[in-house]
Amino acid sequence: MITAHSLTKRYGATTAVDNLTFEVPPGVVTGFLGPNGSGKSTTMRMIMGLDAPDSGSALIDGRPYRDLPWPVREVGGLLDAKAFHPARTARNHLRWLALTNDIPLSRVDEVLDQVGLTTVANRRAGKFSLGMSQRLGIAATLLGDPGVLLFDEPVNGLDPEGIRWVRNFLRALAAEGRTVFVSSHLISEMSLTADRLVVIGRGRLIAETSVADFVSRSGRGAVKLVTPDRAEFIVALSAAGAKVVDDDGGSLSVEGMPASGIGDLAAREGLRVHELTPISASLEDAFMELTADEVEYRPSTMAAAAAPAEKE
Amino acid sequence: MTQAIQTAPLGHYRVKHVARAEVAKMLTLRSTAITLGFTVAVGLLVTGLVTNAALHHGPDYYLGFDPTQAALTGLIVAALSGGVFGALLITGEYSSGTVRTTLAATPRRPVLLAAKIGVTTAAMVVFCELLSFVSFFLGEAVLSGGGAPSAALGSPGALRAVLMSGLFIALLALMSFGFGLIFRSTAAAIAAFVGVVFVLPLVMHGISEPDVRYLPTQILTNSVMATVHVGPGGIIRPLSPVVGLLLMVVYAAVVVAAGAALFLKRDA
């Protein structure tokens with residue numbers, strides 16, 4: 001369990017994290033969602049005791065990170081895929097890390113195997129691709145078999161297979177009863193991985209809720225209709241009370257009538273249907289709607305008071 | 001609450017755990033072997049060249065000649081590479097991002113710092129003492145082989161000079177480690193180290209010649225390495241070996257303390 005209470009971090013005049021309060025419960029994957037520069041990484045660094053908050057607190061099972069007796073055995077954090085010395089081999093990187101917390105060195109080969117790096121264990125980690133580096137970072141988080149795991153943008157730079165691997169992996173960790181907290185700016189990824197969401201913008205909490213809730217909160221369902229009989233459909237659907245928008249590219253977007261209703265109507269009217277797809281409001285739509293005012297770096301607004309660059 | 005996935009040992013991580021990890025870190029970097037290997041090779045080469053150049057001179061040359069000091073000259077190379085080594089032990093962590101992994105694994109910074117300083121000091125003392133003895137024996141072998149005046153460990157002041165020289169280089173490396181803590185960047189830390197150790201004496205010569213004796217390189221070559229003080233002596237009157245060494249302890253302590261103060265309160 002991770003609890004953040006009134007967490008605040010300022011860099012000069014900029015407030016990177018602003019009075020943030022949220023909980024990350026065990027047993028589910030909690031997504032940490034926000035636009036770039038919204039304070040996700042800063043928040044994660046404060047949870048892991050790397051940065052000190054200006055006020056408020058972040059606790060791991062009720063304790064500040066710095067008070068944990070065996071941090072690596074309690075928390076696994078992947079905040080930076082390249083947080084290892086490039087000249088050291090993957091195995092040697094994990095070995096010193098194991099020594100810090102008196103973890104049996106046999107764990108090193110176990111976790112290397114778990115992430116699929118056994119064959120490159122004796123290669124210098126600096127030669128690794130971003131995907132391999134991410135795997136090494138994930139191996140490091142597993143080393144102490146911790147109950148709490150934090151991942152900052154773990155799928156960045158991964159190929160589709162790697163992304164799927166991480167996704168299943170995170171879900172498996174949560175299913176084992178662990179606390180899993182994953183940040184991302186990739187909304188579609190979060191919709192597949194996370195059960196719960198903590199959404200922030202400009203360092204402030206926007207929502208703390210389940211993914212389903214978050215989507216339905218902003219959702220209006222629509223149905224995509226592809227047909228050669230567009231004009232006839234527009235007349236018929238409008239007459240039936242549905243709202244029809246003629247999308248560019250030859251499809252119609254129908255609101256106010258479910259796909260089944262449209263199909264029935266087509267049968268009655270003898271109109272041809274080539275495709276009928278319900279479009280539920282995506283997490284992306286919900287996110288854009290909620291964070292519309294909270295995006296720090298937006299093209300064309302030319303934010304004059306540039307905040308210090310934050311690594312995401 | 002989070003269920004216990006595994007059972008951790010009682011107690012908590014201590015300096016000994018972190019120290020073991022720091023030793024493992026040091027031994028698994030090629031830069032360690034390269035830096036120390038370079039130091040041995042070039043240091044001994046310098047000692048060989050300097051002692052060889054002291055052969056076959058007239059009797060006047062050997063008036064005030066200090067065979068111990070000559071045989072330890074190679075340690076000046078170690079002063080430079082020891083400085084590089086000391087700085088890299090911490091700046092290498094910052095430049096690669098390893099420091100965040102380190103601090104996440106052992107977040108109590110005083111514990112981490114104690115382990116790092118302990119391991120750095122121990123490693124440098126052992127290495128520099130070994131190098132100091134090897135350099136001494138090599139130099140004396142060259143001198144005695146060429147028929148020039150030479151010293152043995154039993155000669156007055158010789159053992160003291162050999163032991164203190166190794167210790168002195170270790171202190172220089174520790175000071176450089178302190179610069180690494182302060183600047184967190186390899187280039188800046190090494191620039192500061194070279195500035196203080198190798199550039200400042202040149203500047204000081206122009207400002208206040210007698211005060212050059214308080215500077216590390218002067219202490220090393222003319223107080224710590226030397227066993228013979230003969231002749232009229234210039235404007236620079238060397239400090240006694242003990243005073244010189246203690247002054248170096250103060251220098252290293254001040255820089256490391258400043259670095260430690262920053263390290264303890266700075267965000268990673």
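Visitor: Which residues touch the most other members of the largest nonpolar core?

Guide: Bear in mind that this is a predicted model. The largest nonpolar core has 150 residues, and L94(A), A139(A) and L143(A) touch the most other members. The element that gives the most to this core is helix α7 of chain B, residues 158–183, with 17 residues. Leaving out residues up to four places away in sequence, L94(A) touches V108(A), V111(A), L112(A), A139(A), A140(A) and L143(A). Another core, of eleven residues, lies apart from the largest one and includes V223(A), L225(A), F233(A) and L252(A).

Visitor: How should I describe two packed helices?

Guide: Two packed helices are described by the angle between their axes and by the distance between those axes. Here, α6 of chain B (residues 109–145) packs with α7(B) at an angle of about 140 degrees, the axes being 8 Å apart. Their crossing is right-handed. On the α6(B) side the contact includes M124(B), V125(B), L131(B) and F136(B), and on the α7(B) side it includes L163(B), I169(B), L174(B) and F177(B). Sorted by class, this contact has 14 nonpolar, five polar and one charged residues.

Visitor: Which angle do α1(B) and α6(B) make where they cross?

Guide: Roughly 50 degrees, with the axes coming within 8 Å. At that angle α1(B) is oblique to α6(B). The crossing is right-handed. From α1(B) come V15(B), V18(B), A19(B), E22(B), V23(B) and M26(B), while α6(B) supplies residues including V111(B), L112(B), K116(B) and V119(B). The classes here are eleven nonpolar, one polar and two charged residues.

Visitor: How many residues does each chain give to the contact between chains A and B?

Guide: The size of an interface is often given as the accessible area lost when the parts come together. Counted by residues, the contact takes 35 from chain B and 40 from chain A. On the side of chain B, the elements giving two or more residues are α1 (15–27), α2 (30–53), α4 (75–96) and α5 (98–105). That side has 15 nonpolar, 14 polar and six charged residues.

Visitor: Where is A226(B) found, and why is A226(B) classed as partly exposed?

Guide: A226(B) is in the loop between α9 (216–224) and α10 (241–265) of chain B. A226(B) is partly exposed because 18 other C-beta atoms lie within 10 Å, whereas buried would need 20 or more. Beyond its neighbours within four places in sequence, A226(B) is in contact with D66(B), Q69(B), A161(B) and P238(B). F65(B) is 161 residues away from A226(B) in sequence, yet their C-alpha atoms are 9.9 Å apart.

Key: Residues numbered from 1 in each chain as written. Chains lettered and ligands numbered in written order. Predicted model: local features only at pLDDT ≥ 70, side-chain atom pairs only at ≥ 80, totals over all residues. Core = buried A, V, L, I, M, F, W, Y, C linked by C-beta atoms within 7 Å. Buried ≥ 20, exposed ≤ 12 C-beta atoms within 10 Å, placed from the backbone. Helix = DSSP H or I, 4+ residues; strand = E, 2+ residues; numbered from the N terminus. Contact = placed C-beta atoms within 7 Å. Nonpolar A, V, L, I, M, F, W, Y, C, P; charged D, E, K, R; others polar. Axes fitted to C-alpha atoms, helices over the stretch in contact; angles between N-to-C directions. Left-handed = near helix turned anticlockwise from the far one by under 90°. Parallel < 35°, antiparallel > 145°, perpendicular 65-115°, else oblique.
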